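Biologist: I am new to this structure. Could you walk me through how to read its features?

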Amino acid sequence: MTDTPGARLERTGRTVLRRLAEHLDESVAGGGPAIRLTPIGQLADELRLADWIRQGGMDADSVAGFVERYLEAATRLHHPGYMAHQVAVPHHGAALAELIHGVTNNAMAIYEMGPAAAAAELAVLDWMLDAAGWPRARWPGDTETREPRGAGVLTHGGSLANLTVLLAARATAAPEAWQDGVPGDLALLAAPDSHYSVTRAAAIMGLGERSVYPLEVDGRGVVRPDGLEDSYRRALDDGRRVFAVVANAPATGTGLYDPIEAMGRFCREHGLWFHVDGAHGAAALLSDRERHRLRGLELADSLIWDAHKMLRTSTLCAAVLFRDERAFDRAFQQEAAYLFYGEDREIGVDLITRTVECTKSGLGLKLFMTLAFLGEEGLARYVEDRFELARRAHRTISNRPGFECPYEPESNVLCFRYGEGDDRQIAIREALLREGRYYVSSTEVGGARYLRLSIMSPATDGSTIEGLLDSVERIVERL
Ligand SMILES: *Cc1c(COP(=O)(O)O)cnc(C)c1O
């Protein structure tokens, strides 16, 4: 029996896996460009996409050519020169989990459709709650406890995670909103540099973008504790009811953390829901050296944490975490459907009751397998190394004539510019992109344009940074 579905999977899979392994090793060694941008129409032609769609017939021989060309055009995240965005450089544990999910497709909206996938999800959520210092979640069959448990769910991305949290926060302030629609006086407070998904969630929930009141910040865009009261008053003076306050941990653009402890205390004093957006930087919780950046997290009501940023997990895998399960009960309906017990009471969890999504991917398995291979120690070391390299890069860059950094990094994200003028920074980035060896992004800090590094690849080191600066100098000589 050589032509069973399993045999075909194995035959074609071996070919694909061999190409992927070569691509991975080449990328880690700095081979090939980190990025190469081909016009999309040309790429579609070269990949013969329309032909394949019409004719089908891809097999163990032809798949190799296709994958090879596809990988040539792929942005290489494992490459040392990849320093642009906060998208994880996935561990092969996550890659294998994607394959397992791809074959089994256990979507676990209901427990029957993926018992092992659901168990993996609950296990990694418990691990994350524990890292946050919050109570672990209730598992079906657990004996009742007096203290409230934590709760969480995995969702397809931090943006959905923020929406989920804000739904729970809104339900706490305005329980009638789910049935009757949104009252017009709700407001939330967030830094101007908070992720755009916060404002977007407010718009999606029918609150309107204008319901998001900016917190006062310093020149680096970090929330000022002494400005909290004024921001709050401004909303109250407009006749608003503030239902949540959002902290960046850290802000996407700068990688700088808001003062979580001070904001948490303020929220406790005023009875406000406090949400920590740790999409990128909750990973600091894993490190004894970096955990202090989230000091005060015990004062928060909710936390989001993207495994597909700093936890070496492929996109997407975002955790929504609640310190108190009862708050999560309210997110999607008023009657507590936190655990959809029914007849399965002692058996499993129907995750459908906790998410915007109905059908989901096997998100828990990806993070679980990354952890199972690397261990929490391995992940902690990765986070520490990348944060440390950013600090070293900051020293290297600041000491080089003509280069300037606007602040000291607090994570693996840092900014710099070479010479004066916003246009020059953009021209440098465009030239770097054309060369393809170093892939960097750019952002504004205090109204000025900077080049921005997000040091994600384990292959990036001090010599990568030196090489980047050499390239920047060469580019400017030619401008
Ligand atoms: C990346 C990010 C998000 C959004 O997460 P996605 O998974 O890209 O949807 C939200 N908040 C912060 C602070 C982020 O860095």
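Modeller: Keep in mind that this is a predicted model. Let us start with a sheet. Four strands make an open sheet, ordered β8-β9-β11-β10, and they pair antiparallel. Its edge strands are β8 (403-404) and β10 (441-445), each with pairing on one side only.

Biologist: What holds strands of a sheet together?

Modeller: Strands pair through backbone hydrogen bonds, in a parallel or an antiparallel way. Take β9 (residues 413-418) and β11 (residues 448-454): four bridges link them in the antiparallel sense.

Biologist: Now β4. Which strands pair with β4, and in what sense?

Modeller: Strand β2 (residues 186-190) pairs with β4 in the parallel sense, over five bridges. Strand β5 (residues 273-277) also pairs with β4 in the parallel sense, over five bridges. Check two bridges by eye. A190 has V246 of β4 as its partner. V245 has F274 of β5 as its partner.

Biologist: How do side chains point in a strand?

Modeller: In a regular strand they alternate between the two faces of the sheet.

Biologist: And is β4 mostly covered or mostly uncovered?

Modeller: Mostly covered. β4 spans residues 241-248, and seven of its eight residues are buried.

Biologist: Next, the peptide bonds. Where are the cis ones you would show me?

Modeller: Look at the omega angle. A249 and P250 are joined by a cis peptide bond, with omega about -5 degrees. P250 sits in the loop between β4 and α11 (260-270). Another cis bond joins T315 and L316, again with omega about -5 degrees. L316 is in the loop between α12 (307-310) and β7 (318-322).

Biologist: How does one find empty space in a model?

Modeller: Roll a probe the size of a water molecule over the atoms, and the space left empty shows up. Here, the largest pocket holds about 1,300 Å³ of space.

Biologist: What lines the largest pocket?

Modeller: Its lining has 37 residues, and L20, L71, H78, P90 and A95 lie nearest the centre. Helices α1 (5-28), α4 (62-73) and α5 (92-104) each supply at least two lining residues. The most come from α1, which gives 12 residues.

Biologist: How many of the lining residues are nonpolar, polar or charged?

Modeller: The lining divides into 21 nonpolar, 12 polar and four charged residues.

Definitions and conventions: Residues numbered from 1 in each chain as written. Predicted model: local features only at pLDDT ≥ 70, side-chain atom pairs only at ≥ 80, totals over all residues. Heavy atoms only, no water. Pairing = 2+ DSSP bridges. 1 Å grid on protein atoms, 1.4 Å probe; cavity = no way out; pocket = protein on both sides within 12 Å on 5 of 7 lines; lining within 4 Å. Points joined across faces, edges and corners; volume = space filled by probe spheres on them. Nonpolar A, V, L, I, M, F, W, Y, C, P; charged D, E, K, R; others polar. Buried < 20%, exposed > 50% of the residue type's maximum accessible area, 1.4 Å probe, protein only.
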